[in-house]
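The sequence and coordinates are shown first.

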Amino acid sequence: MIKSMTGYGRAEQTLQNRKITVELRSVNNRYLDCSVRMPRLYLFAEEEIKSRVKAAISRGKVDVFITLDASAAEQMQVAVNRSVADGYCAALRELARTYGLQEDLSASVLARFPDVLLVEKAQEDAEAVARDICAVLDLALADFDRMRTREGRRLWEDITARAAVIEELVSQVERRSPQTVSEYRLRLEERMREVLAGAQLDPARVLTEAAIFADKEAVDEETVRLRSHIAQLREMLAGGGAVGRKMDFLIQEFNREANTIGSKCSDLEISRQVVDIKAEIEKIREQVQNIE
């Protein structure tokens, strides 16, 4: 099944006491353009995030938003500032010797001095955090993919219906085209009778002129190619995958054949049918712009 380039996905989980939220949003783009927005503290996971997005998405401008609430996961550790503690110890002993004071230095006394004890946030395991982020990302990608698939189904239904309309209009052109030759031949005979004022017509001349007109107005090749393009379009729709760019090129061929038919035929009815064909092709082209 084809997929839309536009979509939205979201997932949220609490892993290792860390609340992780991942949101994805995409719009149409010729190629894949992925940008990740997340706290600078966790930028070490950015490349892995982009790698997973590229593995799941072929085209589109994708924005990934990641937020982390690590307040519950924060672990604090207390460390001794050795250089400061050594300085205080040396200074206190010097005071005791200089002024004949009793040296009652203890750990509890020393700990009360500023900066002797340092309270620091424990170092996080970067690999573990990256794994947790990517686990939530995978859930968001799955949600994102479901939405794109639903949108792709709607695109498939619309394009399939319009392809059927084009096919019917092509059939009308094919039925009408031979009639234009017969009608031209009759008009030609009438004009020649008027010009010749009752003189005998030359059947060979009439046939020659009609043959020239038929060759000029013939659109058999174009309608056959249009039918071939429609069949190819249906194959792409059935095959699925990232076929948006191929479809875009194919629709250009649709337009080329329709324009040729329009330029060849002078018949008013066929001209109207060509206008209708081109209108449907344009609607398909707009829809194809949304396909991955």
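E257 is buried, with a relative accessibility of 5%. In this predicted model, the side chain of E257 meets that of R225 in a salt bridge, with an N to O distance of 2.9 Å. The pair links distant parts of the chain, since E257 belongs to helix α7 and R225 to helix α6, 32 residues apart. R225, in turn, is partly exposed, at a relative accessible area of 34%.

## Further salt bridges

The count of salt bridges comes to 28. One of them joins R234 to E167, whose closest N and O atoms are 3.0 Å apart. R234 lies in helix α6 (residues 220-239) and E167 in helix α4 (residues 126-196), so this pair ties together parts that are 67 residues apart in sequence. R234 counts as partly exposed at 32% relative accessibility, and E167 also counts as partly exposed, at 24%.

E48 is partly exposed, with a relative accessible area of 36%, and R52 counts as partly exposed at 29%.

## Packing of α7 against α8

The axes of helix α7 (residues 244-264) and helix α8 (residues 268-288) come within 10 Å and cross at roughly 170°. Angles over 145 degrees count as roughly antiparallel, and α7 and α8 are therefore roughly antiparallel to each other.

The residues of this contact divide into 11 nonpolar, 4 polar and 3 charged. On the α7 side they include M247, I251, F254, A258 and I261. Among their counterparts in α8 are I270, V274, I277, I281, I284 and V288. The contact also includes D248 of α7 as well as K278 and R285 of α8.

## The β1-β2 hairpin

Strands β1 (residues 7-15) and β2 (residues 18-27) run antiparallel and are joined by 9 bridges. Within this pairing, G9 has L24 in β2 as its bridge partner. The hairpin has 2 residues between the strands, and Q16 takes a positive phi near 55° there.

In a regular strand, side chains alternate between the two faces of the sheet.

Notes: Residues numbered from 1 in each chain as written. Predicted model: local features only at pLDDT ≥ 70, side-chain atom pairs only at ≥ 80, totals over all residues. Heavy atoms only, no water. Pairing = 2+ DSSP bridges. Helix = DSSP H or I, 4+ residues; strand = E, 2+ residues; numbered from the N terminus. Axes fitted to C-alpha atoms, helices over the stretch in contact; angles between N-to-C directions. Parallel < 35°, antiparallel > 145°, perpendicular 65-115°, else oblique. Contact = heavy atoms within 4.5 Å. Nonpolar A, V, L, I, M, F, W, Y, C, P; charged D, E, K, R; others polar. Salt bridge = Lys/Arg side-chain N within 4 Å of Asp/Glu carboxyl O. Buried < 20%, exposed > 50% of the residue type's maximum accessible area, 1.4 Å probe, protein only.
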